[in-house]
Amino acid sequence: ALDRKRNVLYIASATFADNPTLTAFDARTGKKLWDYALGYAAGRPFIFGNRLYIGSTNGNLYAFDLGK
């Protein structure tokens, strides 16, 4: 998901079998801003309002507050 307001790109990765993550990158520079181990993504991350949502195969729906 691309947050055009904040210029942040969010990518769910299952590349690492032991630690699949949701990672935030600065969309302009490509610099990694943060990551969060959430289990295998059960879909793509999406932004609604000021929150980023993503489901996981562990049965959880995660919501990240993106601020204003």
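**An all-strand chain and its aromatic cluster**

Tyr10 is buried, with a relative accessible area of 4%, where buried means under 20% relative accessible area, exposed means over 50% and partly exposed covers what lies in between (1.4 Å probe, protein chains only). The model described here is predicted, and local features need pLDDT of at least 70, side-chain atom pairs count only at pLDDT 80 or more, and totals for chains, interfaces and linings use all residues. Residues are numbered from 1 along each chain as its sequence is written, and side-chain values use heavy atoms, with hydrogens and water left out.

The structure holds 6 aromatic pairs; rings of Phe, Tyr and Trp (its six-membered ring) pair if their centres lie within 6.5 Å, and planes under 30 degrees apart count as stacked, over 60 as edge-to-face and the rest as tilted. The ring centres of Tyr10 and Trp34 are 6.0 Å apart and the planes stand at 50°, so this pair is tilted. Tyr10 belongs to strand β2 (residues 8-13) and Trp34 to strand β4 (residues 32-37), so the pair ties together parts that are 24 residues apart in sequence. Strands (E, at least two residues) and helices (H or I, at least four) are DSSP runs, numbered from the N terminus.

Together, Tyr10, Trp34, Tyr36, Tyr62 and Phe64 form one aromatic cluster.

An open sheet of 3 strands runs in the order β5-β6-β7, with antiparallel pairing; two strands pair if DSSP finds at least two bridges between them. Strands β5 (46-48) and β7 (61-65) stand at the edges with a single partner strand each, so one side of each is left without a neighbour in the sheet. From one strand to the next, the twist averages 30°, an angle taken between N-to-C directions on a scale from 0 to 180 degrees, with axes as lines fitted to C-alpha atoms.

Strand β6 (residues 51-55) pairs with β7 in the antiparallel sense over 5 bridges. Gly55 has Leu61 of β7 as its bridge partner, and Tyr53 stands opposite Ala63 in β7. The two strands β6 and β7 form a hairpin with 5 residues between them, and Gly59 in the turn has a positive phi of about 95°.

Finally, the view widens to the whole chain. Its secondary structure comes to 0 helices and 7 strands. The radius of gyration, taken over C-alpha atoms, is 12 Å, close to the 11 Å that the globule rule gives for 68 residues, so the chain is as compact as a globular protein of that length; the rule is 2.2 Å times the number of residues to the power 0.38. Of the 68 residues, 26% count as buried.
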